[in-house]
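Hi,

Here is the structure I promised to pass on.

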Amino acid sequence: MPVITCIDDLKRIYERRVPRMFYDYAESGSWTEQTFRENTSDFDQIRLRQRVAVDMSGRSTKTQMIGEDVAMPVALAPVGLTGMQSADGEIKAARAAEKFGVPFTLSTMSICSIEDVAENTERPFWFQLYTMKDEDYVNRLIERARAAKCSALVITLDLQILGQRHKDLKNGLSAPPKLTPKTLANLATKWGWGLEMLGTKRRSFGNIVGHVKGITDPSSLMAWTGEQFDPTLDWGKIAKIKEKWGGKVILKGILDAEDAKMALKVGADAIVVSNHGGRQLDGAISSIRALPAILDAVGDQIEVHLDSGIRSGQDILKAVAMGAKGTFIGRAFVYGLGAMGERGVTTALEILHKEMDTSMALCGRRTIDELGRDVLLIPEGFEGRWQ
Ligand SMILES: Cc1cc2nc3c(=O)[nH]c(=O)nc-3n(C[C@H](O)[C@H](O)[C@H](O)COP(=O)(O)O)c2cc1C
């Protein structure tokens with residue numbers, strides 16, 4: 001077993017272990033992947049301010065996100081098809097998150113259903129909702145999330161229409177994979193993954209199969225989901241969903257100060273500054289670059305979270321020092337899950353925690369509350385001077 005010291009180590013094992021189709025699905029951005037790349041490279045532009053001779057004993061990364069205690073300001077982001085990265089992947093990731101003390105968000109497009117995850121965990125998790133044309137189906141999803149005692153509804157706003165990822169089209173992405181000569185040749189080298197998959201019944205979209213009439217075979221399912229995203233979603237509809245849910249609401253996919261103000265108006269409990277990990281609008285700015293203007297606009301009135309591009313504890317530190325109350329990680333936990341299942345997700349969380357805690361100490365800070373922009377060295381013009 002190799003010595004695992006960073007998220008990149010998990011990614012290398014993940015790449016070897018999981019079928020190419022699902023590795024590519026996670027490790028891609030839309031079109032030219034400019035936004036996908038800049039999500040990480042923009043984090044690198046910000047530097048940390050080293051301080052010395054500060055008592056660093058009694059440190060803690062504990063804080064709260066939407067009023068819930070968290071071991072560090074990190075939640076697991078909703079990731080579709082997580083159960084294809086590792087058998088029963090959503091249950092494994094939710095368990096790792098629960099044990100670590102951070103929130104888990106279940107995607108609408110998960111393999112394990114809301115009920116599956118609820119039965120196999122102790123603590124309430126968050127449910128991510130895609131708004132679909134079929135209003136009855138959306139209402140039933142909300143009811144199911146309520147029945148499963150989910151403690152927040154995360155409504156994703158940046159996917160009314162799907163950004164194109166070239167590799168998914170070329171690979172013929174489906175869940176479960178279609179057995180073409182190309183996929184069979186690749187699967188033959190992924191026997192560990194295959195054996196685990198044979199041991200579970202959960203191999204298709206668990207929140208959809210059995211809940212939508214006429215969906216029987218996987219190919220019609222992929223087509224159905226592609227056609228189902230609601231292009232008419234607007235702030236009025238968001239307000240109605242919020243009312244129907246009645247609990248805490250997080251609006252995910254905000255990248256513009258004007259939209260952040262609208263989120264505030266509809267009474268969301270938090271927003272996630274996000275470009276969907278560079279998977280939607282290619283050419284959009286990175287989340288970390290978008291964060292300061294959004295914080296200036298609404299930061300004192302609503303909880304602002306951030307995702308897209310976090311690969312280290314230092315990245316989390318940068319986002320939180322900039323002013324985010326919390327962060328979400330997508331690929332960073334997927335690498336761990338694909339590499340080593342539940343243990344891999346735990347390892348990813350441990351790595352991020354250690355990196356964050358140590359870096360915080362070296363910046364001379366002991367608690368999350370002590371983090372502020374004075375910890376950061378932000379290059380002049382970082383936000384960009386866009387016309
Ligand atoms: C493979 C994959 C699948 C995703 N599926 C969903 C999804 O079903 N719902 C959603 O709101 N966001 C989805 N996202 C976006 C993530 O929630 C999150 O915004 C993104 O992964 C953050 O970027 P990062 O991967 O660089 O951390 C997905 C991301 C990835 C990588």
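Two housekeeping points before that. This is a predicted model, so local features need pLDDT of at least 70 and side-chain atom pairs count only at pLDDT 80 or more, while totals for chains, interfaces and linings use all residues. Residues are numbered from 1 along each chain as its sequence is written.

The overall picture: the protein chain has 16 helices and twelve strands (DSSP runs numbered from the N terminus, H or I of at least four residues for helices, E of at least two for strands). Along the principal axes, the C-alpha atoms fill a box of roughly 60 × 55 × 45 Å. Looking at contacts between residues at least 6 apart in sequence, 74% join residues at least 24 apart; a contact means C-beta atoms, placed from the backbone, within 7 Å.

Now the ligand. It has 25 residues around it, the closest being Ala-77, Gly-80, Ser-107, Gly-277 and Gly-330 (near means a C-beta atom, placed from the backbone, within 6 Å). At least two shell residues come from each of α2 (20-26), β11 (326-329) and α16 (331-362). The shell has ten nonpolar, eleven polar and four charged residues, where Ala, Val, Leu, Ile, Met, Phe, Trp, Tyr, Cys and Pro are nonpolar, Asp, Glu, Lys and Arg charged, and the others, Gly among them, polar.

Last, the annotation. The unreviewed UniProt entry marks Tyr-25, Arg-165, His-276 and Arg-279 as "binding site". They spread over 255 residues of sequence yet cluster in space, with a largest C-alpha distance of 13.2 Å. UniProt annotations like this may be inferred rather than shown by experiment.

His-276 sits in the loop between β9 (270-273) and α14 (287-298), and Arg-279 is in the loop between β9 and α14 too. His-276 counts as buried because it has 27 C-beta neighbours inside 10 Å; Arg-279 is buried with 24. Leaving out neighbours within four places in sequence, His-276 contacts Asp-158, Leu-159 and Gly-253, whereas Arg-279 touches Gly-29, Ser-30, Gly-163 and Arg-165.

Cheers

Notes:
Two residues are in contact if their C-beta atoms, placed from the backbone, lie within 7 Å. A residue is buried if 20 or more other C-beta atoms lie within 10 Å of its own, exposed if 12 or fewer, and partly exposed in between; C-beta atoms are placed from the backbone.
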